[in-house]
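Please read the sequence and the 3D structure side by side. The paragraphs below go from one residue to the whole chain and back to local detail.

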Amino acid sequence: MRKGAAQPNATARPTNGRGTPEVLPRPDFHFTGEIGRTYLDSDPARFPQPVRAPASAPNILLILIDDCGFGQYSTFGGGIPSPTMDKLAGEGLRYNRFHTTALCSPTRAALITGRNHHSTSFAGITELATGYDGYTCILPRSCGTIGEVLRQNGYMTAWIGKNHNTPPWETSAVGPFDRWANGLGFDYFYGFNAGDMNHWNPVLFENRNLVPASRDPNYHLTTDLADKSIAWLQQAKAIAPDKPFFLYVATGATHAPHQTPREWIDKFKGKFDEGWDAYRQQTIERQKKLGVIPEQTQLTERSKGLPAWDSLNADQKRLYARMMEVFAGYAAQCDYELGRIVDAAKQLPDADNTLIIYIAGDNGASAEGGLEGSLCENMFFNGFLEKWQDNLQAIDELGGPKHFNHFPSAWAHAMNTPFQWTKQVASHFGGTRNPMIISWPARIKDKGGLRDQFVHTVDIVPTLYELCGVTPPTDLNGVKQKPIEGLSFAATLEDAQAKSARKTQYFELACNRGLYHEGWMASSPSFVPWDPNRQEWDPDKAPWELYNIEEDFSQARDLAQQYPEKLRQLQDMWWVEAAKYNVLPLDWRGTVRMNAELMGRPSLIRGRNSITYYPGIIGLPDAASPPMCNKSWKITAEIEIADSNAEGMIITHGGLEGGYGLYLKQGKPTFVYNFLSVERFTFTAQQPLAPGKTQLVVEFKYDGGGFGKGGQITMSANGKPIASGRLTHTIPIQFSLGEGIDVGMDTGSPIDFTYPLPFTFTGKISRVNIDLGPLDVGQTAAVAETAG
């Protein structure tokens, strides 16, 4: 008979006193009793037990709104009602010195890892990635997420909404999937893998699977995300009521496109007719009355380059007021739908032990609508500015499915009252200071309290680890972890006078630089956020400003001339922090970085000048689709139809905000080139195709010699020309923000509005081939490619 010696518990590992292992995952189970020749002379069998979360670990609901300013919602003095925030603030705490990074992907990387955004390789959004350590937008395995850590410590985890932390070239149906939300530690995902999304016709994934388009005529994305969040919460707690959950809800609102049902827009009719200057003055007065800013706070001057409301003509005022009404409805609907999630969470078992963190913005409100507003945000990312006269023609359609609209920059500035600047501008609080509310009935006694400690996004993860009793792992899934760079502010939940743990914090985004240190802030803005085009710039000649933010909450009084030595100290500290956290090298290029081909980002397409697609290829993301900007190309479709009235989409790339579509309408071949929703060049055959097999070809010969030039379009059927004409200009940088290729139908938004979605092809498609010519943008391409 063999007897096995008793072994110590194999799951025991050194910890920092919080009771969970420093090394994850835990070792495989090993039976520690005695083993004989048979079960009769062995110790009783004992199964490995599921990992349990630490005792009293709270449920966690983490909410993140997109592109939201400090002075946007009424809870912090804004003009848009936010009853959900009001409710949570009344039972919890408001934080008025919480900071983000000034842009979405970077803030989100910091939020889920507890490391600075450059440490996580997210210097910018994924569509701007370059091949430097801090800029690749490939989340290092040494920066494990809170989702993964909590999952391995007994939590149920889910991520619903926006995911802008997966490299675009990894978002197709072939993955790899280890940096999708599921691969980052979230057992359930429902949402979109992009920076923004059409709220009427989104492209969504449930875990790894493309979600079929809704047939509900009243469908809206924000409502859908709330529905899925509630369903997951109820299912999770019904199945495992004793397990805590971690639900991360990241809305697409209030990022462009500003799209919402008409009934929400109509609630705000006439509310903003006084304009953005009056709004700022009214808001700061409300903020002081609410106590969310100090009484002595000064309203900063209107940021340089933004027009005064009184300088506008009557039509501009009418248009811009309507754009703000649309945005207000969009934002109010968002808070309402989040309220449904909060209410559902409060009806679950152990509701009092549910910690809710509601962060209103991953950055300040967005100025990317330009000085005159926008009907298509993709115009901005292709380097074009729009004119109010064009936008005025669509005033009655704003917020609906025909436009990817965005309000003017001055409204964004007003949403960030009382601060200077907006999203992108990390040097100033208009870009980085966002409202945060924390509710936890079981622990927070100072209901309705205010906290003014200096807190940054990186501080969320270590705070949650402390509150959950979880040890930050030193090793995760076989990879040594970078130290957590955030600092816990857990003490502030019970002590309003707790000292700020954070003494120093650098800021950098698109060369906008800032350094906070012990009550002082050095700020150096670079480029205005409403112009996507960049000129040459010298970091050593860029001006710096200095603020004592203990006495000057809004950064209204520049003290650079009074305290040059203090400014010099903070400037030098900025360069030290920049070197420490992979901020270098600084890169001020603008829209050219959006073009993956010019930047040399990884690609499933690179090196292929001929690609064949088959029916069933749908929802292929833009980053995995053929780059057809600034070059000649040819589309060859092998199709078969049974009758001359055949209809449907053969192939499309993009949608509402730009791209192309080749389809049959009443049997007639039609090719539409959507130039950023401003123009839709349409080429249609005079006669329908005859029944039978057809080789349908659309060929484009590019004029060349620069970005976005024109060229000749020819469409033929079985070698016979059936339509032709010119594209006077083409899209220079990218077709689409969130939609790629579909074959045989149209998912997402339509390329034009002449057909109903999904416009499934009624014939048979054998294959569609795309042939690509060489990139043809002259010397600019060589320079950009070398720099990338």
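Does Thr32 count as buried or exposed? Thr32 has 19% relative accessibility, so it counts as buried. Buried means under 20% relative accessible area, exposed means over 50%, and partly exposed lies in between (1.4 Å probe, protein chains only). Thr32 sits in the loop between strand E1 (23–24) and strand E2 (59–65). Helices (H or I, at least four residues) and strands (E, at least two) are DSSP runs, numbered from the N terminus. The Thr32 side chain makes a polar contact with the side chain of Arg46, at 3.4 Å. A polar contact is a pair of N or O atoms within 3.5 Å; within protein, one must be able to donate a hydrogen and the other to accept it, and residues adjacent in sequence count only if both atoms are side-chain atoms. Pro25 is also placed in the loop between E1 and E2. Leu24 and Pro25 are joined by a cis peptide bond, with omega about 0°.

This is a predicted model: local features need pLDDT of at least 70, side-chain atom pairs count only at pLDDT 80 or more, and totals for chains, interfaces and linings use all residues. Residues are numbered from 1 along each chain as its sequence is written, and side-chain values use heavy atoms, with hydrogens and water left out. The predictor's confidence in each residue is its pLDDT, from 0 to 100. The mean for the protein chain is 94, and 96% of its residues reach 70 or more. Over residues 1–17, pLDDT stays under 50, and the model has 33 contacts beyond four places in sequence for them. Over residues 779–788, pLDDT also stays under 50, with 15 such contacts. Contact means heavy atoms within 4.5 Å. Where pLDDT is low, the predicted coordinates should not be read in detail.

Now the whole chain. The protein chain has 15 helices and 30 strands. Its radius of gyration is 27 Å, close to the 28 Å that the globule rule gives for 788 residues, so the chain is as compact as a globular protein of that length. The radius is taken over C-alpha atoms, and the rule is 2.2 Å times the number of residues to the power 0.38. Of the 788 residues, 62% count as buried. Among contacts with a separation of 6 or more, 74% come from residues 24 or more positions apart.

Two loop residues show such contacts. Asn96 lies between strand E3 (93–95) and strand E4 (98–99). Asn96 has a relative accessible area of 4% and is buried. Beyond its neighbours within four places in sequence, Asn96 is in contact with residues including Phe70, Val292, Arg433 and Phe553. A polar atom of the Asn96 side chain lies 2.9 Å from the backbone oxygen of Val292. Leu306 is in the loop between helix H6 (276–290) and helix H7 (314–346). Leu306 is buried too, at 7%. Leu306 touches Leu371, Ser409, Ala410, His413 and Trp530, leaving out residues up to four places away in sequence.

Next, follow the chain into helix H2. Ala102 lies in the loop between E4 and H2. Its phi is near 90°, a positive value in a residue other than glycine. Most residues other than glycine have a negative phi, and most peptide bonds are trans. Ala102 has 0% relative accessibility and counts as buried. Why is H2 (residues 104–113) largely enclosed by the rest of the structure? Ten of its ten residues are buried, so the rest of the structure largely encloses the helix. Just after H2, Gly114 takes a positive phi of about 80°.

Finally, look at strand E30 (residues 764–772). Strand E20 (residues 610–613) pairs with E30 in the antiparallel sense over four bridges. Two strands pair if DSSP finds at least two bridges between them. Thr612 has Asn769 as its bridge partner in E30, and Tyr613 has Val768. Ile611 and Tyr613 form the covered face of E20, while Ser610 and Thr612 form the uncovered one. In a regular strand the side chains alternate between the two faces of the sheet. Strand E21 (residues 633–641) also runs antiparallel to E30, joined by eight bridges. There, Glu640 stands opposite Lys764.
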